[in-house]
Amino acid sequence: MDTLPTTKRGGGGRSKPVPTSKSSLVMAFFSCVAWLYVAGRLWQDAENRNLLASLLKKNSAQRPKVLTVEDKLMVLGCRDLERRIVEAEMELTLAKSQGYLKGQGQKSGSSDRRLLAVIGVYTGFGSRLKRNVFRGSWMPRGDALKKLEERGVVIRFVIGRSANRGDSLDRNIDEENRSTKDFLILEGHEEAQEELPKKIKTFFSTAVQNWDADFYVKVDDNIDIDLEGLIELLEHRRGQDGAYIGCMKSGDVISEDGKPWYEPDWWKFGDEKSYFRHAGGSLVIISKNLAQYININSVSLKTYAFDDTSLGSWMMGIQATYIDDSRLCCSSIRQEKVCSLA
């Protein structure tokens, strides 16, 4: 009897694994890449949305609103106000350049009437004898000084303070002033020979702040005055703005250090080394608006070695009327003059 064929198996044998196809691996790889791409785009879109939202919020805050009629009127009003401010500043600058200061109150003693002149006689700590000589000659004192002020003329000895404030020099002047009442003490000025150019600036500034007068006169303490002749001269010039009156002169600029009248700023006066035309320092007169100009601009006004050339330099830059009056040449030999060397 025939038998069916049989397959023989080994006792320890295994069956072979089914091999994986390459197409399955490629599909799995592309699936991972696609998933990463989609995830990245979703994350980037989220960031873009956040950035766009912040930009929209910022732009909406900066976007100008629609102006109403009231807003437009307010803008126009601000522009008009700005224009008026600019115009006012220009007017103030012009006023300063001409020596005027609007709204500045002036003291005029016991009367509201404008004085004719304030005369300042320079003096020093060691000049008491000279002051007494003046008080006994051309300068009134006591009741006569008060009567002269009623006529519109104020006369004061002009002096600064000692370098050592409150010392015996200052105390002696204070004591003398309590007795005579004829001093103008410049509290902010140090009385010294080298400070004389600054003294004339401080004198005119202080005088125009304390008295309302047509003219302000600076006088050295080495000359005698024909007071009535000076008053007549001033009355004749009364009402003349911008007047710079004196014995006009010019001269060589001394450039050698150590020589008399040495000018440290000699190089500023050109190759010819000659001073510009200016009023001699013994007696000089300026009108009220020029004194106001000095007062307003005192901080920026340059001083030179001497007070008369310093004052002359300030007058050059403004609309001052130079008046050369030979009656104010104190050292001349002519007879018709209002001052002479003492």
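The structure holds 2 disulfides, a disulfide being a pair of cysteine sulfur atoms within 2.5 Å. The model is predicted, so local features need pLDDT of at least 70 and side-chain atom pairs count only at pLDDT 80 or more, while totals for chains, interfaces and linings use all residues. Residues are numbered from 1 along each chain as its sequence is written, and side-chain values use heavy atoms, with hydrogens and water left out.

Select Cys247 and Cys329: their sulfurs are bonded, S to S 2.0 Å. The S-S torsion is about 95°, so this disulfide is right-handed. The pair links distant parts of the chain, 82 residues apart: Cys247 sits in strand β6 (residues 243–249) and Cys329 in the loop between β8 (321–324) and β9 (339–341). Strands (E, at least two residues) and helices (H or I, at least four) are DSSP runs, numbered from the N terminus. Cys247 is buried at 18% relative accessibility, and Cys329 is buried at 14%. Buried means under 20% relative accessible area, exposed over 50%, and partly exposed in between (1.4 Å probe, protein chains only).

Next, select Cys330 and Cys339, a disulfide with sulfur atoms 2.0 Å apart. Its torsion is about -95°, so it is left-handed. Cys330 is buried at 5%, as is Cys339 at 2%.

Finally, select Val33 in helix α1 (residues 22–62). Val33 counts as partly exposed, at 39% relative accessibility.
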